[in-house]
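Could you walk me through this structure in my viewer, one selection at a time? I am new to it and would like to know what to look at.

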Amino acid sequence: EADQAGNALFDCHLCPDPTLAEHNPLAVRIPRIIPHYENRFPEPDRLRVGSFGFGIHDKGFVRLIETVQSEYDIADIFILMPFNDVVDVAGRGHALETARLCREAVRKPGIKLEISHDFVEKSELLDFLARNTVNAFFYDVHKDRGISSTIEHALAVRRPLAITRAGMFRHVASAQPSICIEDNSLRAIIANGID
């Protein structure tokens, strides 16, 4: 799309994709903007894994639950999964089914899962992310549209971040030590912190 962008409506197109190869002088690559946020929440005593996004099956929520259970016997998993009024009105198309599959995936008694379908304001979202030990986004690796804005919100709260090698995370997939679940365990990603 950037290669085809013209100047009929705009003089220039600012593309917040640090991986963009600039072939079109009208499409300029700019960095992602991380919101300002001061995390005043203490780290939780018990492992608390957070995630958020619309409840579409390729967001990897079930994989997240399975990954947590493969490494831990005791953990709290919190997912904000609001309905999308465009493609998932009242959650009937995706979110309610995804939530059901998530609940069915819990098999250990020490794993607690809480799913909210409330759409929250940006400040509430940042507070939600700030309360977690780690924030994890396990999108299907074939999910390759643009750059996901979930990353900027998660980085703002300065908690460890775990991702998959999905194309929508291509701008942070090369972080070292790796934050990709394909390269490191969730336990290792948490231990590595936010460096």
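**Stop one: a buried histidine**

Select H171, which counts as buried because its relative accessibility is 18%, under the 20% cut-off. Keep in mind along the way that this is a predicted model. H171 sits in the loop between strand 7 (161–163) and helix 5. Now show what surrounds H171: leaving aside residues up to four places away in sequence, it touches P18, T19, R32, I147, S148, I151 and E152.

**Stop two: a pair of helices**

Next, colour helix 1 (residues 61–71) and helix 2 (residues 95–105), whose axes lie 9 Å apart at an angle of about 15 degrees. That angle is under 35 degrees, so the two helices are roughly parallel to each other. Helix 1 passes helix 2 in a right-handed crossing. To see where they meet, show F61, V62, I65 and Q69 from helix 1 together with T98, L101, C102 and A105 from helix 2. The residues of this contact comprise 6 nonpolar, 2 polar and no charged.

**Stop three: the cores**

Move on to the largest nonpolar core, which has 25 residues. Pick out V49, V68, I79, M81 and L186, the members that touch the most others. Among the elements giving two or more residues to this core are helix 1, helix 2, strand 4 (75–80) and helix 5 (186–192). Centre the view on I79: its contacts include F61 and I65, as well as C102, L113 and F128. Finally, select F52, V157, L161 and V172, which belong to a second, separate core of 24 residues.

Definitions and conventions
Residues are numbered from 1 along each chain as its sequence is written. This is a predicted model: local features need pLDDT of at least 70, side-chain atom pairs count only at pLDDT 80 or more; totals for chains, interfaces and linings use all residues. Side-chain values use heavy atoms; hydrogens and water are left out. Axes are lines fitted to C-alpha atoms, for helices over the stretch in contact, and angles run from 0 to 180 degrees between N-to-C directions. Helices (H or I, at least four residues) and strands (E, at least two) are DSSP runs, numbered from the N terminus. Angles under 35 degrees count as roughly parallel, over 145 as roughly antiparallel, 65 to 115 as roughly perpendicular and the rest as oblique. A crossing is left-handed if the near helix is turned anticlockwise from the far one by less than a right angle, and right-handed if clockwise. Contact means heavy atoms within 4.5 Å. Ala, Val, Leu, Ile, Met, Phe, Trp, Tyr, Cys and Pro count as nonpolar, Asp, Glu, Lys and Arg as charged, and the others, Gly among them, as polar. A nonpolar core is a set of buried Ala, Val, Leu, Ile, Met, Phe, Trp, Tyr and Cys residues joined through side-chain atoms within 4.5 Å. Buried means under 20% relative accessible area, exposed over 50%, partly exposed in between (1.4 Å probe, protein chains only).
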